[in-house]
Amino acid sequence: MRFKKSSFKIIFLCCLLTIVGCNSSANKANSINDLYAITNFYVATDLHYISHSLHDNREAFQAFIKSGDSKMLNYSEELLDAWMQQVINARPKAVILSGDLTNNGEKVSHEELAKKLGIIKNSGIEVYVIPGNHDILNPWARSFKEEEQLKTDYISPQQFEVIYADLGYNQAVDRDQDSLSYLAKLSDNLWVLMLDTSIYDRNLDVGYPVTEGELSQSTLAWIGEQGALAKKAGTQVFAVMHHNLIDHSELSSLGFTINNNEQVIAQLKAAGINLVLSGHSHIQDIRSQDQMIDVATSAFVVYPHQFGDLHYMDSSAVLEYTTKKIDVESWGRSAKPNNVDLTKFTEYSTDFFRQNSYDKVYKSLSSQNYSDEERDKMARVMTELNLHYFAGTVNEMDKNFIYSDGIKLWNTAKPQFLKTYVLSMLKDTKENNRTSIQLSSAK
């Protein structure tokens with residue numbers, strides 16, 4: 001059968017219209033995808049990773065853990081391995097770690113951690129790190145053997161940059177010449193300013209890792225330059241630092257908030273930045289000051305062992321932040337099924353934190369004029385409050401808690417650090433595990 005020319009033209013025209021229609025639909029879909037493009041990334045802080053090769057989990061190491069601030073150092077490697085599996089399965093665009101990567105800056109811990117983070121990077125997920133106050137030139141770097149603590153190698157700023165070269169520094173758009181700060185691109189429309197706020201150059205002189213943080217005048221000037229660069233590119237920027245930008249409690253004078261925070265706030269705002277992601281204080285807490293928002297994510301190695309999950313939508317320039325728990329139990333059932341600490345990790349870690357808090361408070365009250373029953377009541381309420389405080393869930397506690405006998409005893413206690421701490425925790429009744437931030441831009 002032969003087609004007439006007119007029939008052929010009609011068929012050809014229909015095919016052409018179909019192709020054009022498909023292209024039009026594809027273009028429309030692409031434009032919709034561009035309009036609603038979402039960049040997903042994770043942020044974690046205060047891993048305090050220590051290599052298993054540096055301890056035997058015996059007397060000296062257990063005493064070190066018990067004397068500390070509830071860091072689960074005996075399982076720091078397992079926590080990391082579980083999280084790595086979680087990250088690789090979820091496939092965010094990037095992972096950001098905001099300092100205190102290691103327990104006390106041990107060279108071996110840094111090298112092992114970088115190798116593990118390299119596995120995440122090799123899976124196609126970018127990793128960006130900055131140091132915290134424990135990570136560099138730390139004279140407290142130790143290994144633990146039986147009943148002894150032994151000095152071990154720490155690292156210099158130059159070594160930090162080499163060890164973590166592929167975890168931010170080689171990907172940097174620009175570098176600050178006077179610190180380990182750098183600028184990186186999470187996407188074409190979202191950049192991150194990784195700020196090194198630690199004062200590690202004084203550590204060896206004073207004999208301990210300096211807790212407080214600061215940004216120098218030259219680094220502040222560099223921040224201004226990055227703001228101008230972002231404005232020219234028409235992109236949004238947020239900042240990440242180890243120290244807090246804003247006071248997160250009444251005890252922020254202990255070195256949690258960066259020293260020159262008012263200056264830093266002013267410079268960040270001038271650079272078009274209104275969001276900082278921080279750590280250091282180990283609590284989950286969200287604060288705002290002078291149109292600036294500081295989201296402090298709780299410590300990775302401390303109860304409740306969580307991290308930040310962030311989604312940025314290009315069309316609205318809105319960044320959504322929520323927290324997620326590290327899924328140790330799923331990993332433990334597969335990797336170490338005979339270790340009940342790991343297969344029932346939620347129960348284990350809660351009990352670990354609760355007991356550690358209780359013991360410290362109960363002991364601290366021994367020199368005061370309280371009966372054993374009163375000390376027990378005070379320690380119990382402080383412990384439960386502390387659990388919620390670190391998790392950022394004080395707002396979820398039973399409101400009648402404030403009328404308990406233990407709280408009444410704290411209210412009438414003589415002025416002391418613990419009283420201030422307990423009563424300040426009671427005031428934190430806002431939502432701390434999720435927020436929505438409209439990013440600003442340089443003017």
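Me: What makes the lining of the largest pocket split into nonpolar, polar and charged residues?
Reply: The class lists do. Ala, Val, Leu, Ile, Met, Phe, Trp, Tyr, Cys and Pro count as nonpolar; Asp, Glu, Lys and Arg as charged; the others, Gly among them, as polar. On that basis the lining has 18 nonpolar, 19 polar and five charged residues. This is a predicted model, where local features need pLDDT of at least 70, side-chain atom pairs count only at pLDDT 80 or more, and totals for chains, interfaces and linings use all residues. Residues are numbered from 1 along each chain as its sequence is written, and side-chain values use heavy atoms, with hydrogens and water left out.

Me: What makes a set of points a pocket, and what volume does the largest one have?
Reply: On a 1 Å grid over the protein atoms alone, a pocket is an open set with protein on both sides within 12 Å along at least five of seven lines; lining residues have an atom within 4 Å of a point. Grid points are joined across faces, edges and corners, and the volume is the space filled by probe spheres (1.4 Å) set on the points. The largest pocket comes to about 1,000 Å³. Its lining counts 42 residues, and Gly68, Asp69, Phe256, His282 and Phe390 are the closest to its centre.

Me: Which helix gives the most to that lining?
Reply: α12, with five residues. Helices here are DSSP runs (H or I, at least four residues), strands are E runs of at least two, and both are numbered from the N terminus. α2 (59–67), α12 (345–364), α13 (372–391) and α15 (417–426) each supply at least two lining residues.

Me: Why is Lys116 called buried?
Reply: Buried means under 20% relative accessible area, exposed over 50%, and partly exposed in between (1.4 Å probe, protein chains only). Lys116 has 15%, so Lys116 counts as buried. Lys116 sits in helix α4 (residues 107–122). Not counting residues up to four places away in sequence, Lys116 touches Tyr49, Glu77, Leu80, Asp81 and Met84. Contact means heavy atoms within 4.5 Å.

Me: Which peptide bond is cis?
Reply: The one from Tyr303 to Pro304, with omega near 10 degrees. Pro304 lies in the loop between β12 (292–296) and β13 (306–313).

Me: What makes a group of residues a nonpolar core?
Reply: A core is a set of buried Ala, Val, Leu, Ile, Met, Phe, Trp, Tyr and Cys residues joined through side-chain atoms within 4.5 Å. The largest has 105 residues; Phe41, Trp83, Ile96, Tyr164, Phe238 and Trp410 have the most contacts inside it. α13 brings the largest share of this core, nine residues. Another core, of 22 residues, lies apart from it, with Trp191, Leu215, Ile258 and Leu268 among them.
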